[in-house]
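This briefing sets out selected features of the structure shown below. The points are grouped by topic.

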Amino acid sequence: NSAGCGKTTTAALTCIRGNVRARYYQGIAWLDRQHKPLGLDFEQYTKSLSDICIQIGSKPAHLKLNPVIRVPGEDGTVMNAKMKAHMTNAKARMGKLLTSMHRKRSRSDGDHNAVLIVLDDLANEEDIEWFQFLRDGKGEQVNDLLVTSRLPEVKEAVTINVTPLDTREAIKLFTNESDFPSNHPISKNHVTRSIVKKCFGHPLTIKFAGRWMSLKRA
C-alpha cells in the first residue's frame with residue numbers, strides 16, 4: 001500500500017477498459033486526493049464537486065451552491081457546524097444532479113449506477129462518505145466509487161483483484177509509454193512482445209520499461 005507500487009496506474013488502466021467505460025456511460029470522474037484529508041473544508045469540497053461536474057459533462061453552476069459566510073471572531077465549533085451543514089447540502093444537490101442526468105440518459109441495459117468516481121490516493125477513510133451521492137439526495141447511492149489508498153485497510157470496501165494485462169493491453173501500454181503512436185510497427189515487433197512478456201503483465205513494470213525505451217531514443 002506504499003506510494004509507487006502501481007495503485008494509480010492500475011486504477012487508470014481499469015478506467016480505460018472498454019467494458020468499464022460502456023458500463024459507466026454517464027461518465028468517469030477522477031479526483032486526485034494527493035493523500036490530503038478533506039475534513040470540514042467546504043471550499044475544497046465544492047472544488048471537487050465542480051471537477052466531477054466538468055468531467056461528466058455537466059456545469060458546476062447547476063449545483064447552485066452558496067458560499068459559507070465567515071463571521072469575524074466566530075467560535076470554531078459554530079464554524080465547523082456551519083461548514084458541515086453546507087457540505088451536507090452540497091452533497092444532496094450533487095445527488096439530485098446525478099439522478100436528473102441518469103433519468104435523462106437512462107438506457108435499456110439495466111438500472112445500474114452510470115457514474116464512476118475515482119478517489120485516488122485517499123488519506124482519510126471518513127472522506128469516502130462525502131462522495132457517496134444519494135438518489136434525489138436521500139435515496140440509494142447513485143454512483144460507484146473506485147478508491148486507491150495507502151491505508152492498510154478501508155472498511156466496507158470491496159477488494160478488487162485486477163488480473164495482469166493481457167499481451168495486447170501490455171503492448172499498447174508499452175508503446176504509449178515509449179512515445180510511439182499506437183499503430184507504430186514496434187507494436188508488432190517480436191522483441192516488444194518478448195519485453196512485455198517478461199514484465200508478467202504488471203502495469204508499473206511495463207510503464208518503466210516503456211519510459212526507459214523512450215529515454216534511450218532521446
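The buried residues of helix 7 pack against helix 1, helix 5 (167-177) and helix 6 (190-198). Here buried means under 20% relative accessible area, exposed means over 50%, and partly exposed lies in between, with a 1.4 Å probe and protein chains only. The model is predicted: local features need pLDDT of at least 70 and side-chain atom pairs count only at pLDDT 80 or more, while totals for chains, interfaces and linings use all residues. Residues are numbered from 1 along each chain as its sequence is written, and side-chain values use heavy atoms, with hydrogens and water left out.

- Helix 7 has 15 residues and spans 21 Å from its first C-alpha to its last, close to the 21 Å expected at 1.5 Å a residue; the expected span is 1.5 Å times one less than the number of residues.
- Helices (H or I, at least four residues) and strands (E, at least two) are DSSP runs, numbered from the N terminus.
- The buried residues of helix 7 are Pro203, Leu204, Ile206, Lys207, Ala209, Gly210 and Ser214.
- The axes of helix 1 (residues 7-15) and helix 7 (residues 203-217) come within 9 Å and cross at roughly 95°, which makes helix 1 roughly perpendicular to helix 7.
- Axes are lines fitted to C-alpha atoms, for helices over the stretch in contact, and angles run from 0 to 180 degrees between N-to-C directions; under 35 degrees counts as roughly parallel, over 145 as roughly antiparallel, 65 to 115 as roughly perpendicular and the rest as oblique.
- Thr9, Thr10 and Leu13 in helix 1 meet Pro203, Leu204 and Lys207 in helix 7, a contact being heavy atoms within 4.5 Å.

- Three strands form an open sheet in the order 1-2-3, with parallel pairing; two strands pair if DSSP finds at least two bridges between them.
- Strand 1 (27-32) and strand 3 (144-149) are the edge strands, each pairing on one side only.
- From one strand to the next, the twist averages 15°.
- Five bridges join strand 2 (residues 115-122) to strand 3 in the parallel sense, and Leu146 in strand 3 is the bridge partner of Val118.
- Helix 3 (residues 42-55) packs on the sheet and touches strand 1 and strand 2, its direction making about 145° with that of strand 1.

**Thr175**

- Thr175 lies in helix 5 and counts as buried, at 1% relative accessibility.
- Leaving aside neighbours within four places in sequence, Thr175 is in contact with Phe180, Pro181, Ser182, Ile186 and Ser187.
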